[in-house]
Amino acid sequence: MAQKEEKQAKLKSSFLKTALVAVVAGVLGGGLTIGAYNLYQNQAVSSSDDSQATTKVSNVKVNVSTQATKAFNKIKRAVATVEAYQKSDNSIDSIFGFSSGSSEETTSESEGSGVIYKKNGNTAYVVTNNHVISGADSFYVMLYSGKRVKATVVGKDSVSDLAVLKIDAKNVEQTATFGNSDNIQVGETALAIGSPMGSEYATSLTQGIISAKKRTLDITNSSGVTTGSTTVIQTDAAINSGNSGGPLVNLDGQVIGINSMKLSSNSSSSENASVEGMGFAIPSNEVVKIINQLVTKGKVSRPALGISGIDLDYVSDSAKSDTLKLPDGVDSGVVVMKTDSDSPLKDVLSKYDVIVSLGGKKVTGISSLKTALYTHKVGDSVTIKYYHDGQLKSQKVTLSLEASESTTTATSSESEN
């Protein structure tokens, strides 16, 4: 029995050794096979014809037409680049094929955008920003085709920052239409078109949304002094230097605003803040009202008060009580310093009176006084409220005086209204 068991053990051990040898041989054989296959593959790759690696463009056409594209095509030929030169000179005119009688050299150049909105006979009209052409006396409009044509100023208005130019209509292919800016909605798509950074990038299109329908911003003159405030459309469509005067467009291709300013980091409440995506446009309803006056009258008629004054904020607390005799709690308004002989308020206001309301609108300073005043027309009757020797008084007056250019660029510290 013991011999039989020993014999079975030897057979089992011999079988396991044979199986192990077979497995090892299989692994080695497989490795050799795989290695040989890889070697064959490497030889095949290295000996392939590289010309078989060429490719080609697919002939499948993708329809990428969108509403934004359609809107852009409806207005793109009506968007122009506006160029303004401080002095006319023969070299500038000769470049564009015109002749002038001046031999002065050009000292500066300004570029912006504009919108061709009207053709009347042989004349076409272009709206742009006043600051684009301010201080210049030679103007050119570069059309969508790239052709430059000479332009003349029809009228301009520093308060609204709008101006109208006219050009020969011969080469004008398209005119823009104005939409109703009162009908826009926050969140709807808005397109900005213009020449950011100049004519090199003419007719550039950016897309965003309406961020706010009515945003009140201060208006500053060329010296950086606040001279009033205005209500504008806010958008996050990219607006850069050179976009000024170009259109803000809805998805029907209608102009709903004229791009006028861009909030930059240096106007932020934080010096270190970087502000992006905040552009502003003058609402189309306001634009139409202003440019119609510029075309018919060459200017915008606004009332003036004929006074000089300072913001109450500049007055010390002791002067407020001792000199102005104001009651506690009155900390904003306009202190009257002088009343002109032609002022409609000459028999109403005295030196050191403090205006706190005009036409039912609160007056906190020169800026808000102008804003309240400019909502009225020459000849309107308004109620003015003011403090005289500490007593609040109210008087109805007729706005009989018309504002001139000088009365719309006054400083906050000493201004005429």
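Student: Which residue meets Asp 252 in a salt bridge between side chains?

Tutor: First, this is a predicted model: local features need pLDDT of at least 70 and side-chain atom pairs pLDDT 80 or more, while totals for chains, interfaces and linings use all residues. Residues are numbered from 1 along each chain as its sequence is written, and side-chain values use heavy atoms, with hydrogens and water left out. A salt bridge here is a side-chain nitrogen of Lys or Arg within 4 Å of a carboxyl oxygen of Asp or Glu. With an N to O distance of 3.3 Å, the partner of Asp 252 is Lys 74.

Student: How many residues apart are Asp 252 and Lys 74?

Tutor: Helices (H or I, at least four residues) and strands (E, at least two) are DSSP runs, numbered from the N terminus. Asp 252 sits in the loop between strands E10 (247-249) and E11 (255-262), and Lys 74 in helix H2 (residues 67-75). So the pair links distant parts of the chain, and the separation is 178 residues.

Student: Which residue forms a salt bridge with Arg 77?

Tutor: Arg 77 lies in the loop between H2 and strand E1 (79-85), and its partner is in the loop between strands E6 (162-168) and E7 (189-194), so parts 96 residues apart in sequence get tied together. The closest N and O atoms are 3.4 Å apart, and the partner is Glu 173.

Student: In what order do the six strands close into a barrel?

Tutor: Two strands pair if DSSP finds at least two bridges between them. E1 and strand E4 (residues 138-142) run antiparallel and are joined by five bridges, with Thr 81 partnering Met 142 in E4. The barrel's pairing is antiparallel, and its order is E1-E2-E3-E6-E5-E4.

Student: Which helix packs on that sheet?

Tutor: Look for the helix touching E2 (109-120), E3 (123-128), E5 and E6, where contact means heavy atoms within 4.5 Å. Its direction makes about 55° with that of E6; axes are lines fitted to C-alpha atoms, for helices over the stretch in contact, and angles run from 0 to 180 degrees between N-to-C directions. Spanning residues 284-297, the helix is H5.
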